[in-house]
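Hi,

Here is the structure I promised to pass on. Could you have a look at it, and then read my notes below?

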Amino acid sequence: MRRRCLLAAALTTLLAVHGPATPTPAIAMSTAATRSITTPSITTPSATAIESAAAKPAGLETGTHLSGDWTHGHGDAGNTGYQPFTGGLSTTNATRLHEAWQITGTPRGTLAAAGGALYLPVSVEGAGSAIVKLDARTGAALPFGVEADGWLGQPAAVNGTIVTVASDMANRHELRAYTPDGRLRWRVPLRTDRQADDLAVDDGLVFVGGGMDCHYDCAQSRLQAYRLSDGTLAWESDVAGDLQYEAPAVAGGTLVWPMRDSSGTRPVAFDARTGSPRWGAPASRGGISELVVTEDTVYAIEGEELCAWIAATGGKRWCRKDLAYVSVSVAPQRTTKRDTPSVVYTGAGNTLRALDPADGSILWSIRTNGDPRPVTAGGGLVFAQLWRAQDTRIAVLDASDGHILWDRVMSREGIFGTIVPAYGRLYAVDPYESVLALEP
C-alpha cells in the first residue's frame, strides 16, 4: 500500500529475545497452536561493517527470483497490486485459510517479498527505525540488521537488491542499496530539503524524488533516477510544484508522480529514461491518494473520484465520481460478466467493484462489511482489508463475480493496513501491531 505511516513510539513492543544492548527492532513471534517456533536474535552489524559495491555477492544476491515475489509495497513498480504467481492459492482452497504464524511488534509500511524472504520496516525501541528480514515460511527473523537513527522508508526488493530511503534527525537523506543479508552495496546522498521516502524500481533504475525551497509547501521538486547496479545517477530533473509523498508509479517507460501547486494536485507524467516531462492532468482540489500505471493507462483517485488517462498522451479515458473511492488495483484477469483483457478492482464506501478498464463500466459490484482498502488480486482472487471504525477484517473474494470466499477479523483497533499475496500465502500487516501469515 502506498500510504505514509507516522512513527508511533507509544505502540513500541520490546523484542522478546536475548540480544545486544543497543536498541533492537521491536518484533516478537507468536504462533498458531499447532506450531512451535522460536525467534532467533536479529544481528546488527556495526556502522563500519560496510561492503563496497564491488564486493562479491553471495546466495540470493545474484538476483534469484522466486515465483511469488512481491517487489514493491503494492506489488510492482506500477503499483498495480497484482500477483501473477499465487503459488497454488486459488478459489478452490481460499475457503480453508488459517493462521500459519503471527508476529507482534511495530511494523511500519508494508512488506516486500523476494527470494522466499519478507522485508519489513519497523520502529526501534526508543527512537529510529529498522528493516527486518523474515523467513516467509516460518516467520523467523533472518540476519539483516539494517537500522537508522531517523527514518527508513518502504523498501523495494528487486534483482537481489534491497533499496530504501534513509533520513536522519538532521534532515539529511540518502538512497541506500543492500544485499539480501544486509550488507551495504552503495549509498548516495539526496540533495533535497524534504525527501519522499517511497520509491520505485523499474528497468534497472531506482526512481526517487523530494522537495526544494520548502516552507509549508515546496516551490519545486527534484526527480532523480539512479542505476540499481551501482548507484550512479542516470538523470535528474527539477520541476515546478510540490512532489507528494505517495509512491511514484512507472510502467512502459512512463513515470508518474502526484504534484501539487497553487491550483491543486495532479498526476504528472515523465519519460522514465530521461526525466523529461510528458503531460500533466488538470488539477484537482481533492489531492491524490492512489496512483497506478500500466503499459497503456494511468489510474488515480483524485479526492474521491477515480479517473483513467492514456499513459502516452494524458488524454482522459474516463472518470467515476458516483462513490467515495479509496483504493484501486489492476489485474490482467477476466470476470464472468465480460471478456475483458484486464480488470480494475476498486473500493469505495463499503463497496467493492470490478470495472472495465476501457470505459470504467461496472462488471460487478458488491456491498462489503467495511471500506475495502487496500485491494490486491491474483489467481482468480481479490484480497482486501475491510476497514471500519471498530475493527479491520481480511476478506478473500472470487474475482469472477465478487462473492466472498473467506473473511476474518484481523484487528480490533480499526486501523487499515496492507495485504500481500506471495508464495502461496496471504500476509497481512496491522500497522504498529502485528504481521499475520495465512495459508490454505
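Let me start with the charged side chains: Glu174, Arg176 and Arg187 are linked in a network of salt bridges. A salt bridge here is a side-chain nitrogen of Lys or Arg within 4 Å of a carboxyl oxygen of Asp or Glu. Before you go further, please note that this is a predicted model, in which local features need pLDDT of at least 70 and side-chain atom pairs count only at pLDDT 80 or more, while totals for chains, interfaces and linings use all residues. Residues are numbered from 1 along each chain as its sequence is written, and side-chain values use heavy atoms, with hydrogens and water left out.

Arg176 is buried, at a relative accessible area of 14%; buried means under 20% relative accessible area, exposed over 50%, and partly exposed in between (1.4 Å probe, protein chains only).

Strands, like helices, are DSSP runs numbered from the N terminus (E, at least two residues, for strands; H or I, at least four, for helices). Arg191 is partly exposed at 47% relative accessible area, and Glu236 is also partly exposed, at 34%.

The other is between Asp322 and Arg353, with the closest N and O atoms 2.6 Å apart. Here too distant parts of the chain are linked, 31 residues apart, with Asp322 in the loop between β25 (316–320) and β26 and Arg353 in strand β28. Asp322 is partly exposed, at 40%, whereas Arg353 is buried, at 11%.

Arg353 also leads us to a sheet, as it stands opposite Thr346. Strands β27 (residues 343–348) and β28 (residues 351–355) pair in the antiparallel sense over five bridges; two strands pair if DSSP finds at least two bridges between them. They belong to an open sheet of four antiparallel strands in the order β26-β27-β28-β29. β26 (325–331) and β29 (362–367) are at the edges with a single partner strand each, so one side of each has no neighbour in the sheet.

Happy to talk it through.

Best wishes
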